[in-house]
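Please consult the sequence and structure shown here.

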Amino acid sequence: MLKDITLGQYFPGDTIVHRLDPRTKLICVILFIVALFLAVNWTGYAIVLAATVIFMILSKISPKRIFSGLKPMLFIIVLTGALNIFYTKGTPVVEGWMITWEGIERAVQMILRITLLISGTFLLTYTTSPIAITDGLEMLLKPLKLIRFPVHEMTLMMSMALRFIPTLIEETDKIMSAQRARGADFETGGLIKRAKALLPILVPLFVSSFRRADELAVAMESRCYHGGEGRTRMKQLKFAGRDYVTLTLFVLFLAGMILLKRTAA
Amino acid sequence: MSEIIRFESVHYTYPGDELESLCGVSLSIEEGSFVAVVGHNGSGKSTLAKHMNAILIPDEGKVTVCGTDTSDQDRLIDIRRNVGMVFQNPDNQIVANVVEDDVAFAPENLGVEPSEIRNRVDEALTLVGMYEYRQHAPHLLSGGQKQRIAIAGIIAMKPRVIVLDEPTAMLDPIGRREVLSTVKELCREHGMTVVLITHHMDECIDADRMVIMADGYIAADGTPAQLFADPELMERQGLDVPETVKLMYALNKEGWDLPLDALGVEECAEVIRKAVGK
Ligand SMILES: Nc1ncnc2c1ncn2[C@@H]1O[C@H](COP(=O)(O)OP(=O)(O)O)[C@@H](O)[C@H]1O
Ligand SMILES: [Mg+2]
C-alpha cells in the first residue's frame, strides 16, 4: 500500500518537452511562476493558461494526469476559493447576501492561479527525471560556490534521498507487516492511538537507516568518492537550439506579461 | 606471478573494543589468483577485507597494495582504484536511481573523460550481463541483478583486485549462481585478482587458494582440496564442507577408500564411477 506513494513522479517520454535541457525547464518554470503572479486581469490569466495548455499538448501529458495530481491539493484550492467569495467587498449578487460579484471574480482568479502554479511545476516533474532535475540544479547553482555554498553536497544529498525513498518505503512495508503479524493495528482508533502504533515502526526504521548510511559511506569511499573536487560527469548537459528558442520565448512571454500589467494599472 | 597484496603481521583493534580483531595476520596474495576467505561469524574476515583498500589502517604491522603502503594518506585514491570492493547488501552500495548512472559513479569520482566513462560503463554492464537493464531503476531489480550492478560499478573503475565481502549472503540460489559465475569469469578470463569472502563452502571449490580465519588470525591456508581433505580441521573451525566431500567422507566411513580432493560434482562422479567399476 505504501508503494503507491509517488514523489516527484516522472513519466518517461520522447517529446520535445522531455528532450529540453533540465536547466532550461527549471528556468522556464521560474519565469512562468513570475509571469503568473504578474497576471492581474482576465487577459493575463488567459495568456498564462494558454501557455500551460500549449506545454501540456507538446509534452503529451493528459489533463487527466494533471487533475489527478491536483487532487491532494483540492482542499486548499476550495478553501482559497471560499474565503475569497465570502470576504471580498463589493456589489452583492443578491441584496443582503455576503457573496459579491467581485468575490466570485477573485475566487475564480485565485483558483486559477493555484491550479496553474501546481500544473506548471507538474509539467516539469512529469517530463524530467529526478536525477536530471538535481543535475540541472547543481549546474545552475554553481555560481553560489563562490560564496562557499555547498552546491555539490546539497544536490548529492537530494539525489541520495531520491535513491533511498523506494528502499525505505519497501522496508517500512516489511516492518509494518512484521508488526501486523504480531497483532499491531494501524488502521483503527483515534489519531493518538494510531500515532502510538507508528512508534514500533519508526524505531527499527531509524536504527536500520543509520546502519545503511554507515555502509553507504564506506561503499562510496571504496569507489573513490572524495567530494566534488575533480569529479566529472558521464552525462554532460548541453544546450541545443531548442533550448535557446524556448528560453527566448519565455523571456518574451514574461516581458509581455510585464507590459500587460503596466497598461492595466 | 607477482605479489599484489601483502599483509605483514597486521594487528588491528576497533576503537572502543577491548579485543584485537586482527592479531598478527601475514598474508601474500598473488596477482591474478582467486582466493576464498572463510571463517565463522566475527572471525575478522570483513576487518581483513577493509584493510585491503585502506578503509582501515593497521595499528601495528603494515599492508601494501601494488607496492604502496596503505597508511600513505596521499596515495589513498590510488590504492582504492586498484582494489575494488563489493559488499553484502546491494541496497546499501548502489548510489544512483538509474543503473548506468550508478556504474558511472567510480569513474566520475576519478575524473575520467565523459566519453571514456560511457565506454567503461557499457563494457562493465556487458561483462556482467546487465547491459539491457542500463536504463532501469535498481530498486526494481532482483538481488542477484543488483549485486551484479554493484560488481559492474567496481569493474568500471578498472581495478586490479576485486574484494567481495559475502556478496551472496542475501541472495537466493539463482542470484548466487549468477554472481559466482560473474566472479569466476572476472578472474579466469580477465585476469583480475579475486578475493571472495563467503559462508558457502561450495563457492570455494574453484578457488586457487582458501584461507580460513579464526578469532583474528589465519587458522589455515592452502588449496581447497587440501583443506577439505582434513575433516578434523573443518570440524574444529565449525565449517561445513561441500556436499561432494560429505559424500566421500560418508563412503569412506563405510569402508571405501576414496580420495577427498575431487570437489566438483563432475569429478566426484568420475571418482565414484571408477571406484565402483574396479
Ligand atoms: N565497527 C566495529 N566496531 C567495533 N567492533 C567491531 C566492528 N566491526 C567488527 N567488530 C568486531 O571485530 C570482530 C571481527 O568482525 P568482522 O571482521 O566483522 O568478522 P566477520 O566479517 O568475519 O564476521 C568481531 O569480534 C566484531 O565484534
Ligand atoms: Mg563480515
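Helices are DSSP runs of H or I with at least four residues, numbered from the N terminus. The model discussed below is predicted.

Q: How many aromatic pairs are there over all chains?
A: Ring centres must lie within 6.5 Å for a pair to count. By this rule, the total over all chains is nine.

Q: Is the pair of A:Phe122 and A:Tyr126 stacked, tilted or edge-to-face?
A: Planes under 30 degrees apart count as stacked. The ring centres of A:Phe122 and A:Tyr126 are 5.2 Å apart and their planes meet at 10°, so this pair is stacked.

Q: Which helix holds A:Phe122 and A:Tyr126, and by about how much of a helical turn are they separated?
A: Both residues belong to helix α6 (residues 101-127) of chain A. Because they are four residues apart there, their separation is about one helical turn.

Q: Is the pair of A:Phe239 and A:Tyr244 stacked, tilted or edge-to-face?
A: The centres of these two rings are 5.8 Å apart. Their planes stand at 45°, so the pair of A:Phe239 and A:Tyr244 is tilted.

Q: The charged end of which residue sits over the ring of A:Phe11?
A: A:Phe11 forms one aromatic cluster with A:Phe122 and A:Tyr126. At 3.8 Å from the centre of the A:Phe11 ring sits the charged end of A:Arg65.

Q: How many disulfides are there over all chains, and why is B:Cys66 too far from the closest cysteine sulfur for a bond?
A: A search of the whole structure gives zero disulfides over all chains. A disulfide requires sulfur atoms within 2.5 Å. For B:Cys66, the closest cysteine sulfur is in A:Cys224, too far for a bond because the distance is 12 Å.

Q: Which cysteine has the sulfur nearest to that of B:Cys187?
A: B:Cys187 is buried at 4% relative accessibility. B:Cys187 is in no disulfide, and the nearest cysteine sulfur, 14 Å away, is that of B:Cys204.

Q: Which side chain of opposite charge is nearest to A:Asp243?
A: A:Asp243 lies in helix α10 (residues 241-264) of chain A. Beyond its neighbours within four places in sequence, its contacts are A:Leu20, A:Asp21, A:Thr24 and A:Lys238. A:Asp243 is buried yet has no salt bridge; at 4.7 Å, the nearest side chain of opposite charge is A:Arg242.

Methods: Residues are numbered from 1 along each chain as its sequence is written. Chains are lettered from A and ligands numbered from 1 in the order in which they are written. This is a predicted model: local features need pLDDT of at least 70, side-chain atom pairs count only at pLDDT 80 or more; totals for chains, interfaces and linings use all residues. Side-chain values use heavy atoms; hydrogens and water are left out. Rings of Phe, Tyr and Trp (its six-membered ring) pair if their centres lie within 6.5 Å; planes under 30 degrees apart count as stacked, over 60 as edge-to-face and the rest as tilted. Helices (H or I, at least four residues) and strands (E, at least two) are DSSP runs, numbered from the N terminus. A charge sits over a ring if NZ of Lys or CZ of Arg is within 6 Å of the ring centre and within 35 degrees of the ring normal. Buried means under 20% relative accessible area, exposed over 50%, partly exposed in between (1.4 Å probe, protein chains only). Lys and Arg count as positive and Asp and Glu as negative; His and the chain ends are not counted. A salt bridge is a side-chain nitrogen of Lys or Arg within 4 Å of a carboxyl oxygen of Asp or Glu. Contact means heavy atoms within 4.5 Å.
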